[in-house]
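Please open the model in a viewer and keep the selection tool at hand.

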Amino acid sequence: LPLLLEATLLRLASGSHHPFYNGFYYNHIMNDKGKGQEKVVYFNGAKLVVETSKDPIYSSSGANVTLPCHYHYEPDLEAKRKIRIKWSKLRDDYTKEQDVLVAIGKTYMAFGDFQGRAHLRQAGRREASLVISDVRLQDDGKYRCEVIDGLEDESDVVDLRLQGIVFPYQPPRGQYRLNFHEAERVCQEQGAILATFNQLFQAWSEGLDWCNAGWLADGTVQYPIRLPRKPCGGLHLAPGIRSYGPRHRHLHRFDAFCFSSALRGEVFYLDHPAGMTLEEAKQSCQDAGAEIAQVGQLYSAWKFLGLDRCDAGWLADGSVRYPITKPRANCGPAEPGVRSFGFPSKGRFGVFCYKER
């Protein structure tokens, strides 16, 4: 890159949390005339307008997705202009935005986890759409499309939502043993990430009812209640998401709400007439060209692939669970769900394995 272009890209990439606002300096010039009214003046005589999708864009883990963004001028300008484009991802905890991509003309630079996965689609006139390939769980969230034309700077936000499932998680040590950072780690170990509030709210609207408080991605602690009851905030409170608000990320300890998306592979069950220990179960999966399934993978297979098995099996964290989509006698409660036997120190069971396609 020429030195000037490279410096421009680096300056764009280190931009502030909010898009640069030029209002006081040139965009709104007071037209006093004794009435105190504002007159909007644009240097090139036209207003820059940036538009993205007002509806969320849905995708799933491993897929490719396009976040639409277009810009135009009012009134229209025919002449070609040297436009700079910046895409950023807004953070759930409202800290500094994450740089995704900056571009000048056909030259662009992607950053961080988006390197090699993000590029611009400029198929149409004045299009600045962002293409993300091999979508990851942490890609879920809001993205800002920012267009800069000289001193003009306008932006709009689009929401990328992954189709997935939220599940509560307790470690083998029991209830309320995880600080925020440990909660992040255990979710990742189970093929998931900490859920956002929007993901937990969606899960609650689909029927999730859980009386234990858990960490969310923004550092708050909350729990979803569909059926109010005395141990869960009391009978007088309406159904909803109960919140403890932000908690100390090192000192306070709760459970975790994890989020997992659709699978790239399949989960299947293996059994042995005499059952298997955990170590024997891991080896059986390896012998089948697979690996022992993570908790998030079992939940995803249950929700997205309809996995239904009334046989308990080991999982990677040492827990024993089984998924039921069609409740029936001798298979637990009358509602669909993933049943758990906890973390048995002894016992012989089957195993759920996961294999990439």
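How much space lies in the second largest pocket? In this predicted model, the second largest pocket holds about 940 Å³ of space.

**First stop: the pocket**

Select Leu 137, Gln 138, Asp 139, Gln 188 and Ile 193, which are the closest to the pocket's centre of the 36 residues that line it. Next, colour helix 3 (180-189), strand 15 (193-194), strand 19 (255-261) and strand 25 (350-356); these are the elements that give two or more residues to the lining of this pocket. Helix 3 gives the most to that lining, with three residues. Colouring the lining by residue class will show 11 nonpolar, 12 polar and 13 charged residues.

Now select strand 5 (65-67), strand 10 (118-121) and strand 11 (residues 129-132). They form an open sheet of three strands in the order 5-11-10, with antiparallel pairing. Strands 5 and 10 stand at the edges, and each has a single partner strand, so one side of each is left without a neighbour in the sheet. When direction is ignored, neighbouring strands of this sheet are turned by 30° against each other on average.

Strands of a sheet pair through backbone hydrogen bonds, either parallel or antiparallel. Which residue of strand 11 is the bridge partner of Val 65? Select Ile 132 to see that partner.

Notes. Residues numbered from 1 in each chain as written. Predicted model: local features only at pLDDT ≥ 70, side-chain atom pairs only at ≥ 80, totals over all residues. Heavy atoms only, no water. 1 Å grid on protein atoms, 1.4 Å probe; cavity = no way out; pocket = protein on both sides within 12 Å on 5 of 7 lines; lining within 4 Å. Points joined across faces, edges and corners; volume = space filled by probe spheres on them. Helix = DSSP H or I, 4+ residues; strand = E, 2+ residues; numbered from the N terminus. Nonpolar A, V, L, I, M, F, W, Y, C, P; charged D, E, K, R; others polar. Pairing = 2+ DSSP bridges. Axes fitted to C-alpha atoms, helices over the stretch in contact; angles between N-to-C directions.
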